[in-house]
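Me: I am new to this structure. Could you show me how to read its features, one at a time?

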Amino acid sequence: MSDPTDLRTHSFCDSSGGRVDVCLPFDLDTLCAEYDALTARMARHPAPEGFSRAEWGYLLSFMRGAALRSVFTQSFGPVCAALADPPAQILHPPSNIAVWLPNNVSLLGPLVTVLSLLSGADVRAKAGARSENLTARLRDTILQTGAGPELTRLWEQALVTERFDRADPRNARWSGNADARIFFGGDAAAAEVAALPHRPGAPFFGFGHRQSLAWADPDALTDAALETFLRVFQIYGKAGCTSPQRLVLIGGTPAHCVALADKLVALYQRLTFGAPPVHIASDSFMAEQVARARGW
């Protein structure tokens, strides 16, 4: 991380009206403007090798300045002037974050890395031993596309991304130096990483074998919300770790479910480009046959 004397303070208003000062090694407005300029240039070129068109489009949208700024405003409240009263909280970035990425969800690396660098920490990201290191490919693309000085410093100096297996001694080294550890993968591997030497009090965020569920009020499921829900499946189908296995309607009725199913079909047809992959088409056909057999 940059020298603490280089940290710049950004003030936000929390829900109680108090002030939260967040210290970062960059100016947030400048960084967001550089991301906007960069993604506009990147959008004019084909997706780099390893990224599908849908993945690349989603990633560029994720990296827009407004989306990144909202990470802070949703966490700390709206931006406010640095008032004369002392802040209720002063937050400093961690020095180091270590991230272990999975083999089966390649886009997760770039997304988590963008957010981790936004915290102001130095980031070490381990790609899955059997996956493409799309984090490194994104870094190279950012630096080759003419990133601004703040972005260049982040992606060139604050990020280390490598690929190695579970027996590599770098696992223990990275764990021991980290102020926070983030893991994606199987339950057994998560337990191994959690047990590695680490600093007292350093949090471990483990995402293992879990099934995501989506809970929603039927009245809140607007077309825009459903499109966001469907885009997860457009990229990864049911294989994505964030793909909900079930949508639960709070206080819903069978009529709500039928109407929602019809709306999802219409929206998905509008969002889908070209024929779906064979495994998704096969699952869809099987689901249709089961539904018909049950009288739908």
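Me: Where is threonine 135 placed?

Reply: Helices here are DSSP runs of H or I with at least four residues, strands are runs of E with at least two, and both are numbered from the N terminus. Threonine 135 has its place in helix H5. The model is a predicted one, where local features need pLDDT of at least 70, side-chain atom pairs count only at pLDDT 80 or more, and totals for chains, interfaces and linings use all residues. Residues are numbered from 1 along each chain as its sequence is written, and side-chain values use heavy atoms, with hydrogens and water left out.

Me: Is threonine 135 buried or exposed?

Reply: Buried means under 20% relative accessible area, exposed means over 50%, and partly exposed lies in between (1.4 Å probe, protein chains only). Threonine 135 has 2% relative accessibility, so it counts as buried.

Me: What does threonine 135 touch?

Reply: A contact means heavy atoms within 4.5 Å. Leave out residues up to four places away in sequence. Threonine 135 then touches Leu101, Gly109, Pro110, Thr113, Trp155, Leu159 and Thr161.

Me: Which residues of helix H5 are buried?

Reply: H5 covers residues 134–144. Its buried residues are Leu134, Thr135, Ala136, Leu138, Arg139, Thr141 and Ile142. They pack against helix H1 (28–42), H2, helix H4 (108–118), helix H6 (149–157) and strand S6 (159–163). Just after H5 comes glycine 146, with a positive phi of about 90°.

Me: How do I read the buried residues of a helix?

Reply: Start with the general idea. An α-helix has 3.6 residues a turn, so residues three or four places apart point the same way. Now take H2, residues 53–62. Its buried residues are Glu55, Trp56, Leu59, Leu60 and Phe62. Down the axis of H2 they fall within an arc of 155°, so they line one face of the helix. The arc is that of the directions from the helix axis to the C-beta atoms.

Me: Which residues of helix H7 are buried?

Reply: In H7 (residues 170–177) they are Asn171, Trp174 and Ser175. Their arc around the axis is only 100°, which puts them on the same side of H7. Their cover includes strand S4 (96–100), S5, S6, strand S7 (180–184) and helix H8 (187–194).

Me: Where is proline 78 found?

Reply: Proline 78 sits in the loop between helix H3 (65–76) and strand S3 (89–91). It is exposed, with a relative accessible area of 51%. Not counting residues up to four places away in sequence, proline 78 touches Ser11, Phe12, Cys13 and Thr73. Proline 78 and serine 15 are 63 residues apart in sequence and 9.2 Å apart in space, C-alpha to C-alpha.

Me: Is serine 11 buried or exposed?

Reply: Serine 11 is buried, at 8% relative accessible area. It is found in strand S1 (residues 8–13).

Me: How many disulfides does the structure hold?

Reply: A disulfide is a covalent bond between the sulfur atoms of two cysteines. Here the test is a pair of cysteine sulfur atoms within 2.5 Å. The structure holds zero disulfides. The sulfur of cysteine 23 is 13 Å from the closest cysteine sulfur, in cysteine 80, too far for a bond. Cysteine 32 is in no disulfide either, and the nearest cysteine sulfur, that of cysteine 80, is 17 Å away. Cysteine 23 counts as buried at 7% relative accessibility, and cysteine 32 counts as buried at 1%.

Me: What about the whole chain?

Reply: The protein chain has eleven helices and ten strands. Its C-alpha trace spans about 70 × 50 × 40 Å along its principal axes. Of its 296 residues, 40% count as buried. Take contacts between residues at least 6 apart in sequence: 72% of them join residues at least 24 apart.
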